[in-house]
Amino acid sequence: MVGRDRLALDLSISWRKLLSAKVNGLALAAFIVVLGYLWVRDSFSLSFRAFLYLHPFLSLIFSQDMMYDEIASGLLENVLFAGGRFRHYLLSKSAMTAATGLGVSLAIFSGYALYGLSTHQLGFADFARFVAGILVGLYYAFLAGALSFFFRSGSNVLIIIVGQFVLVAGLLLGASQRMGFIERLTAPVAQGIGARLEFLSVSVLIPNITIARHSWLNLLGIAVGALFFFALQVWKVRSLELRQR
Amino acid sequence: MRTVCLRAERLAKRFGAVEAVKDATFEVHGNTISCLLGENGAGKTTLLKLLLGFLRPDSGRFSLSVRRVGYIPESPSFFPWLSGVQVLRLTARALGLSGRNIDQAIDGLARELAFDPHLLSRRAHTYSPGNQKKLSFLQNLLIEPELLIVDEPFSALDPASIKGLRLLFRNLRDQGKTLLLSSHLISELEKVCDEYIIIKAGRVVAQGVLTGQPDLETLFFQHSGRAG
């Protein structure tokens, strides 16, 4: 099989998987309904802000069940993936999933951008926030992909969401003891390298916060994180063997 | 002179403390049906997975004189989001077959394998084990492999399908293909195989041409060190 045919096959299988997962369609439909509701009931501005902060979660949801089940179930022990071609498939699938999240976000954003620009309700800062959101989406996709080597089915996504919930709940419950920390975290601009690193460490688990405060350091941190988790996937896949079923 | 289709030299694979394959050296000759015979856990499947690139050998090497290799695992499984016909079309398209040719080829092969074509519209993972095996055969025959490797070819199949399979194997050999069948079912292998490779505890202990005297069962017990 030549390279182009192989890529087409891998992308075709990955695309069908994305389409067949009901949770993907439901999440996307629910997201659009919520955005539409906020626009109609409140304003374009609120709907757009909800989009900016939440669209990276689409990439996270699309990245459920990426590796573990397919590797463990014997699905890849097929003539289509002989000669080590299963490695190419897994990496293509990871890249395609990330690209799909990015594409869906871009499609919805283009609708907002058309309306927002024509009514002068969008500025440069909004575009910058969207770019930050795209980076966060890629970060989620590659983080979830890397976790899916270790966790079954959709638990790779669930573990991130539970982690975020625990962190937020912990901060809220311990707010009186951690007032300084929370103030530094929610300040419009981080003062000093210590505060910046604090912010970055929280954004490892809740990267969406960098959309609100997208300094170059934060964006660089998220980009490096996304690259790290993608590189981790590449390393895991390259050393992967289909040992047992 | 016999051509060598596959040559393995001192292949080895270890899983932790377990040496699954040890210094396996053997040849599979072109245009023959060879059987890889061994007890349960002898290392047959590991050896096949090494040859197919699903595992990496710790040491040793192998070479193939053919480009297109087919593989039918003992218990094939398919992506739950693909129907039987989608599996076959994706396989065919990946190899450059066009739309009408694919459907014609699928129809012909389904008849040859006594596979109910109505099943093709259903999700492949919902088939019975026997029909999943037949779908895997269909998928492999569609790509017209020069070497077809089959792990436990007769498992999950009914007697009529097994009989049909023996005929299919012979037809493929007569068409110039090479087959490597891995099994522990001596009686079935003996009916179709021309050559044998016996593996014991991960090591290839014998290989040769089947002449009928002695029979495969005798050869197996001689080389496996078990009483017959």
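Chain A has 12 helices and 0 strands; helices (H or I, at least four residues) and strands (E, at least two) are DSSP runs, numbered from the N terminus. This is a predicted model: local features need pLDDT of at least 70, side-chain atom pairs count only at pLDDT 80 or more, and totals for chains, interfaces and linings use all residues. Residues are numbered from 1 along each chain as its sequence is written, while chains are lettered from A and ligands numbered from 1 in the order in which they are written.

**Chain A.** The radius of gyration of chain A is 20 Å, close to the 18 Å of the globule rule for 245 residues, so chain A is as compact as a globular protein of that length. This radius is taken over C-alpha atoms, and the rule is 2.2 Å times the number of residues to the power 0.38. Along the principal axes, the C-alpha atoms of chain A fill a box of roughly 55 × 45 × 30 Å.

**The sheet of chain B.** In chain B, 3 strands form an open sheet in the order S2-S1-S4, with antiparallel pairing. Two strands pair if DSSP finds at least two bridges between them. S2 (18-29) and S4 (59-64) of chain B stand at the edges, each with a single partner strand, so one side of each lacks a neighbour in the sheet. S1 (residues 4-15) of chain B pairs with S4(B) over 5 bridges. Arg7(B) has Ser63(B) in S4(B) as its bridge partner.

**Helices of chain B.** Helix H1 (residues 44-52) of chain B lies across S1, S2 and S4 of chain B. The angles below run from 0 to 180 degrees between N-to-C directions, with axes fitted to C-alpha atoms, for helices over the stretch in contact.

| Elements | Angle |
|---|---|
| H1(B) and S2(B) | about 65° |
| H2(B) and H4(B) | roughly 20° |

The axes of H2 (residues 84-94) and H4 (residues 129-142) of chain B come within 9 Å. H2(B) and H4(B) are therefore roughly parallel (angles under 35 degrees count as such). Gly84(B), Val87(B), Leu88(B), Thr91(B) and Ala92(B) in H2(B) meet Leu135(B), Leu138(B), Gln139(B) and Leu142(B) in H4(B). The residues of this contact divide into 6 nonpolar, 3 polar and no charged. Here Ala, Val, Leu, Ile, Met, Phe, Trp, Tyr, Cys and Pro count as nonpolar, Asp, Glu, Lys and Arg as charged, and the others, Gly among them, as polar.

**Between the chains.** 21 residues of chain A are in contact with 24 residues of chain B (C-beta atoms, placed from the backbone, within 7 Å). The chain A side divides into 8 nonpolar, 6 polar and 7 charged residues.

Technical notes
Parallel < 35°, antiparallel > 145°, perpendicular 65-115°, else oblique. Contact = placed C-beta atoms within 7 Å.
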